[in-house]
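Please look through the structure below with its strands and helices in mind. The paragraphs that follow take up a few of its parts in turn.

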Amino acid sequence: MQPKDLVQLAEQFGSPLYVYDAEKIKSQYSRLTKAFSKVEKLRINYAMKALSNIAILQLLRECGSCLDAVSIQEVQLGLHAGYSPDQIFFTPNGVSLEEIEEVSALGVQINIDNLSILEQFGTKHPNVPVCIRINPHVMAGGNANISVGHIDSKFGISVHQLPHLVRIVENTKMNIVGIHMHTGSDILDIEVFLYAAEILFDAARNFKNLEFLDFGSGFKVPYKKDDIETDIEELGKKLSKRFNEFCAEYGKNLTLIFEPGKFLVSEAGYFLAKVNVVKQTTSTVFAGIDSGFNHLIRPMFYGSQHHIENISNPKGKERFYSVVGYICETDTFANNRRISEINEGDILSFRNAGAYCFSMASNYNSRYKPAEVLWMNGQGHLIRAQETFEDLIKGQIGLPQAVAK
Ligand SMILES: *Cc1c(COP(=O)(O)O)cnc(C)c1O
């Protein structure tokens, strides 16, 4: 997308605003499937928690994608968007047995990530096909918040507990059809991923009725200049070869599954906000925008660097700015960022705003969540209206009358 298109969308739909480029989502999807074209049965389950707008779910469905959901509400959203139950996987963490049973009753493939629930579920429903989430204890990224495969992670069943796992499966006679791992959100090193894959293959050898192996996600996309990006083509070449060898050894063409979120939608997203105030202090120049961590929390939550451009003045002389929000809290999007000269009223564009941005938005400070627009065939289409005051008070009852008197 061109900066001038974004400026026009901000004028048309107002700010703050989320914009998603449909072409970019489609091209990422086809890049991924092409990289694994040597695998006979490939399935992509889009991790919808990254961006769960119904239009985005429908766009990805048209691309041929299936869904990965982490709550029963996400499952319901997926069904509402037109996915059939067999196109949805449920890979929650720490949810109740009742929720797993409810999702399973909808006909959705469930994935269990602890031995306690596995034993209870297997005892009650031995015939339901189940996938198990293994923790291979591999550190994929540097940030403890987003590396979920290491030894103290709450995710998955430790590979060291395999003997116990196998005993539960034998005792309950439950039907294990898949093995899953998700090592975290940052695969910097393909060798680390391949190493984890071997651990998954080892685990798979314990089960005779498998239909698929799910390698999760963690594909890294560049956020700032010189960022490392997962070389998906290289990973595709190497993992496809190993996967096909494993299938030959196992004696069955298993389905290879990935569940990417960030890879499919991160770079397609732009967050547009207007500069309310430029404030010179003794140490810096603040650019205060009409948004905050209520709309985009990743910089404050993870220390993520979202590239920021002044699309109203793209050719201006560059200066250093601290970009901050309007929330009554420390609310810093960027420090000492080189941005072309900012005037009040300018529109700033944040890159990589497709994944974990709108989906993490809140109403803090009683602000509305912004509108979302899909850019398709050179035009912006509103896919979610900005909230209104009605949304803020929806479900609220007010002070009970008996108490008020
Ligand atoms: C969040 C999540 C993903 C997606 O991770 P990305 O880094 O966005 O690709 C995949 N699988 C599971 C189980 C997840 O929880």
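Two strands are said to pair if DSSP finds at least two bridges between them. With that in mind, and remembering that this is a predicted model, one can begin with strand 11, which covers residues 269–280 and is joined by four bridges to strand 1, residues 17–21, the two running antiparallel. Within this pairing, Tyr 18 is found opposite Phe 271 of strand 11. Strand 11 also pairs with strand 16, residues 347–350, again in the antiparallel sense and over four bridges, and here Phe 271 has Phe 350 of strand 16 as its bridge partner. A further antiparallel pairing, over five bridges, links strand 11 to strand 12, residues 285–289, where Val 277 has Gly 288 as its bridge partner.

As background, most peptide bonds are trans, and most residues other than glycine have a negative phi.

The next stop is a pair of helices. Two packed helices are described by the distance between their axes and by the angle between those axes. Helix 2, residues 22–35, and helix 9, residues 232–250, have axes that come within 8 Å and cross at roughly 30 degrees. Since angles under 35 degrees count as roughly parallel, helix 2 is therefore roughly parallel to helix 9. On the side of helix 2, the contact is made by Arg 31, Leu 32 and Ala 35, while helix 9 contributes Ile 232, Glu 233, Gly 236, Lys 237 and Ser 240. Sorted by class, the residues in this contact of helix 2 with helix 9 are three nonpolar, two polar and three charged.

Helix 7 can be read by asking which of its residues are buried and which are exposed. In this helix, residues 162–172, the buried ones are Leu 162, Leu 165, Val 166, Ile 168, Val 169 and Thr 172. Because they cover an arc of only 155 degrees around the axis, these residues are on the same side of helix 7. Pro 163, Glu 170 and Asn 171, by contrast, are exposed on the other side of helix 7. What the buried residues of helix 7 pack against is a set of helices and strands, namely helix 6 (115–124), strand 6 (129–135), strand 7 (157–158), strand 8 (175–180) and helix 8 (190–204).

Helix 7 is followed by Lys 173, which lies in the loop between helix 7 and strand 8. The phi of Lys 173 is near 60 degrees, which is a positive value in a residue other than glycine. Lys 173 counts as exposed because its relative accessibility is 65%, the cut-off for exposed being over 50%.

A positive phi is also found at Asn 377, where the angle is about 50 degrees although the residue is not a glycine. Asn 377 has its place in the loop between strand 17 (371–376) and strand 18 (379–384), and with a relative accessibility of 73% it therefore counts as exposed.

Note on methods:
Residues numbered from 1 in each chain as written. Predicted model: local features only at pLDDT ≥ 70, side-chain atom pairs only at ≥ 80, totals over all residues. Heavy atoms only, no water. Buried < 20%, exposed > 50% of the residue type's maximum accessible area, 1.4 Å probe, protein only. Arc of directions from axis to C-beta. Contact = heavy atoms within 4.5 Å. Axes fitted to C-alpha atoms, helices over the stretch in contact; angles between N-to-C directions. Parallel < 35°, antiparallel > 145°, perpendicular 65-115°, else oblique. Nonpolar A, V, L, I, M, F, W, Y, C, P; charged D, E, K, R; others polar.
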